[in-house]
Amino acid sequence: MTKYIVQGGKPLFGEVEISGAKNAAVAIIPAALMVDGVCRIENLPQISDVTMCLRILEQLGANIRTINRHTVEIDSRKIHSTRTSMDLCSKIRASYYLIGALLARFGQADVAMPGGCNFGGVRPIDQHVKGFTALGAKVVAEGGYVMASTDTGRLKGATVYLDVVSVGATMNIMMAAAMAEGDTVIENAAKEPHIVDLANFLNSMGANIRGAGTDTIKIRGVDRLNGGTYAIIPDQIEAGTYMAAVAATGGQILVKNIIPKHMDCITAKLVEMGVEVEEHEDTLLVRRTGALRKVNVKTMPYPGFPTDMQPQITTVLALAQGTSLVTEGVWASRYRYVDELCRMGANIQVDERTAVVEGVDRLTGAPVQAYDLRAGAAMVIAALAAQGQSEISGIHYIERGYENIISKLQALGARIHSEDFPDDDALAASIG
Ligand code: EPU
């Protein structure tokens, strides 16, 4: 088992380059299946979720050529199957995008039920199914698979009103509709930057999608998508995580290769807490010298404060003066990491969707567990700010979404490294 070992209590200084956006990449790779040609995707983050998506495409018959660490060429002309493997798909949440992509191109998709981060509640896909059904697909769940099919081999445009603002449903329906016959309108659509990125990708391959980034998206179906080249946007949440890290440890870092507009919702809260943020064309200079002030945070769909930054901001608030309230407005439950923070000395009470965070003067290092991707990011931030040594296990979650987190933090002066330990089972066997 590999763990991160962190000697905390050291401010961060230096520069960090932000990678391509995970949640755009895991939708754009499946969308490449829709292209009857070769598409070159640049600025892909080197993370395990991306590797997994590429392996799924390969199993379906796509030819994948790695050009360099961040660029691949995907040739989907010879896809030979519309049924995904259970083994790979169950490992990532984003495998649900294969339903929209395969339905769009082949009118048929058998996709193993998605896995991915488990926040403790259910993660339904009823809104995705509602959209596919409106477009004329029959969708059934059987034997661990979602099976979607059409009578004619092609979906038909329709108006879909989403009952909840869902990132996944918006992107999935957008993909399905891009090659449907006629016009589709998605009402009450999500507006996250990665939704605009997916629409831009599809449009650059020949789709006709307007309004992405607003709550009404209009799609005129096309017969075919051609190849092309596309570069993925920078990762808003990765950037926000490094900003939160320097807010917790103190110091000054330059966050490079970002779109500052995407960061506004995060920047605004950090500034309210007393962090200084200077905005440049594609960088942010983030400095924290004084004490942190309490703030209240409520997570909401974009342009609200992102749920994927909730564990990280709560960790920073654990070190602020006064009592802050954090309310989770997107997921029913996303506070499993709080027990771990409390073991490091934080004072946080959770009542359903709200965390009451009583700021403390310092955290102390401890062995802690990453329960999911962003909870893992919170553990890293807490460990960097804490006095003494922490050991973080469950790091495979962190590596699903953060490229080279160890070397990026080391370049900022953090004392962090990964170390292999014998598994508990192996240890028990050797003792026994
Ligand atoms: N929801 C429904 N029905 C649906 C779909 C969603 O009720 O059919 C509900 C969910 O239960 C949740 C809310 O709607 O309460 C929002 O869910 P959404 O569909 O927007 O989430 P998602 O598409 O499954 C993506 C990201 C998550 C991120 C959320 C919200 C990917 C692969 N995942 O999930 O990212 O938290 O949007 O922004 O894009 C992460 O990166 O750590 C992560 C978990």
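Q: Where is Pro303 found in this model?
A: In this predicted model, Pro303 sits in the loop between β17 (297-298) and α10 (310-317).

Q: And which residue is joined to Pro303 by a cis peptide bond?
A: That residue is Tyr302; the cis bond between Tyr302 and Pro303 has an omega of about 10°. As a general point, most peptide bonds are trans.

Q: What about backbone angles: what is the phi of Asn257?
A: The phi of Asn257 is near 60°, which is a positive value in a residue other than glycine. Asn257 is placed in the loop between β14 (251-256) and α9 (260-272). Most residues other than glycine have a negative phi.

Q: How is Asn257 classed for accessibility?
A: Asn257 counts as partly exposed, because its relative accessibility is 25%.

Q: What is the phi of Glu352, then?
A: Glu352 has a positive phi of about 55°, and it is not a glycine. The residue belongs to the loop between β19 (347-351) and β20 (354-358).

Q: Is Glu352 buried or exposed, and why?
A: Glu352 has 69% relative accessibility and therefore counts as exposed; the class begins over 50%.

Q: Switching to the ligand: how many residues surround it, and which are the closest?
A: The ligand is surrounded by 23 residues, and the closest are Gln127, Ser166, Val167, Asp308 and Val330.

Q: What does the side chain of Ser166 do there?
A: An N or O atom in the side chain of Ser166 is 2.6 Å from an oxygen atom of the ligand.

Q: How much of the ligand does the protein bury?
A: The ligand taken alone exposes 830 Å², and the protein buries 90% of that.

Q: Which helices supply at least two residues of the shell?
A: They are α1 (22-31), α5 (126-134), α6 (167-178) and α12 (373-385). The most comes from α5, which gives three residues to the shell around the ligand.

Q: What is the shell made of, by class?
A: The shell around the ligand has ten nonpolar, seven charged and six polar residues.

Q: On to packing: which residues touch the most other members in the largest nonpolar core?
A: Met34, Ile74, Leu198, Phe201 and Leu202 do, in a core of 83 residues. Helix α6 gives the most to this core, with eight residues.

Q: What is Leu202 in contact with?
A: Setting aside neighbours within four places in sequence, Leu202 is in contact with Ala31, Met34, Met175, Ala207, Ile209 and Leu225.

Q: How many residues are in the other core?
A: The other core has 74 residues, among them Val6, Val16, Ala370 and Ile395, and lies apart from the largest one.

Q: Now Arg105: buried or exposed?
A: Arg105 counts as buried because its relative accessibility is 18%, and the class covers values under 20%. Arg105 lies in helix α4 (residues 97-106).

Q: What does the Arg105 side chain reach?
A: The side chain of Arg105 reaches the backbone oxygen of Ser76 at 2.9 Å. Beyond neighbours within four places in sequence, the contacts of Arg105 include Leu33, Met34, Asp36, Arg77 and Met179.

Q: And Asp49, which side chain does it join in a polar contact?
A: The side chains of Asp49 and Arg400 are joined by a polar contact of 2.9 Å. Asp49 is in helix α2 (residues 48-60), and it counts as buried, with 4% relative accessibility.

Q: What else does Asp49 touch?
A: Not counting residues up to four places away in sequence, Asp49 touches Lys22, Val26 and Ile92 as well as Arg400.

Q: Last one: where is Thr216 found, and which side chain does it meet in a polar contact?
A: Thr216 is found in strand β12 (residues 216-220), and its side chain makes a polar contact of 3.2 Å with that of Glu187. With a relative accessible area of 24%, Thr216 is partly exposed.

Key: Residues numbered from 1 in each chain as written. Predicted model: local features only at pLDDT ≥ 70, side-chain atom pairs only at ≥ 80, totals over all residues. Heavy atoms only, no water. Near = heavy atom within 4 Å. Polar contact = N/O pair within 3.5 Å; in protein donor to acceptor, adjacent residues only side chain to side chain. Areas by Shrake-Rupley, 256 points an atom, 1.4 Å probe, with all protein chains shown as cover. Helix = DSSP H or I, 4+ residues; strand = E, 2+ residues; numbered from the N terminus. Nonpolar A, V, L, I, M, F, W, Y, C, P; charged D, E, K, R; others polar. Core = buried A, V, L, I, M, F, W, Y, C linked by side-chain atoms within 4.5 Å. Buried < 20%, exposed > 50% of the residue type's maximum accessible area, 1.4 Å probe, protein only. Contact = heavy atoms within 4.5 Å.
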